[in-house]
Amino acid sequence: MKVIVANHSGFCFGVEKAIHTAFDEVNNNSNIKRDIYTLGPLIHNQQAVNKLENDGIKVIGHLNEVSDGTVIIRSHGVSKNIYDIAYEKKINLVDATCPFVRKIQNIVKEYKEKGYNIVIIGNPDHPEVVGINGWCNNEAYVVKTEDDIEKIPFLDKMCIVVQTTMSTSLYLKLTDILEKKAIDVVKFNTICSATRDRQESARDLAKEVDVMIVVGGYHSSNTQKLVEICKEEKPNTTFHIETASELPINLLGGYETVGVTAGASTPKWIIDEVIEKINSL
Ligand code: F3S
């Protein structure tokens, strides 16, 4: 059985930066002994989060849970009010917001101030989207499907942005409809290049192989998108797993080529374990 790994897969630079930031804090902290927290899991990968916890980094859900120490903002970013609360409480914030997400936050802030209605194409419950909405007074229309667009009234001015990990095809489909719902429309394709690269190389590889294995957290948005894309090419032989132990070994027999891709929050050691296990079959 031949294993081919997608040209672009695994950690993106935003996640790498967040992980390095967290470990730098642990190292710098050895003398100060300040508690270190992340506001929400640093990345959408339970195995990596467990590792960070072993190094003493705790996950909190809200700033109310701490009165001092250091709080790391993860790559998804947060709403403006989190910075305000941290400032009031004199909490030391370490900001690992991905620059691609920061760019979207700046766009929605700027265009909200210019009087535009903000539309975010994305998952309303995803922390990145919740955070972006917090830079335009939580007044954005968040749309994930064509049905969501029907609820938006005809507008004067509309500014469209998109969650960094959405698929380009969804962005194009929804902007096409949205553009008919306002007089003045500005749109920004804010899907990040890491996402685009991973999606394109996953599709190319899925066309080439018999079976696709997508490795990544079940809650990871970008991993779920990779699964959807691979399923478009290989509806019956795409498998989403979190770790090597979940490989559907009994279903792989008889196939010659297996493609492996991984979400932007999947550590290399997990991908390596998966490849090793397939190679050993
Ligand atoms: Fe940033 Fe894109 Fe990764 S937004 S965190 S580079 S998936």
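**The binding site residues**

Guide: Ser265 touches Val15, Ile43, His44, Asn45, Gly216, Gly217 and Ser220, leaving out residues up to four places away in sequence; two residues touch if their C-beta atoms, placed from the backbone, lie within 7 Å. This is a predicted model, in which local features need pLDDT of at least 70 and side-chain atom pairs count only at pLDDT 80 or more, while totals for chains, interfaces and linings use all residues. Residues are numbered from 1 along each chain as its sequence is written.

The UniProt record, an unreviewed entry, places the feature "binding site" at His44, His76, His126, Ser220, Ser221, Asn222 and Ser265. UniProt positions follow the numbering used here, feature names are shortened, and annotations may be inferred rather than shown by experiment.

Ser265 lies in the loop between strand 12 (257-262) and helix 11 (268-279). Helices (H or I, at least four residues) and strands (E, at least two) are DSSP runs, numbered from the N terminus. Ser265 counts as buried because 28 other C-beta atoms lie within 10 Å. The cut-offs are 20 or more other C-beta atoms within 10 Å of a residue's own for buried, 12 or fewer for exposed, and partly exposed in between, with C-beta atoms placed from the backbone.

His126 sits in another loop of the model, the one between strand 6 (117-121) and helix 5 (127-133). His126 has 21 C-beta neighbours inside 10 Å, so this residue is buried. Beyond residues up to four places away in sequence, His126 touches Gln163 and Ser221. Ser221 is itself among the residues that the UniProt record lists for the binding site.
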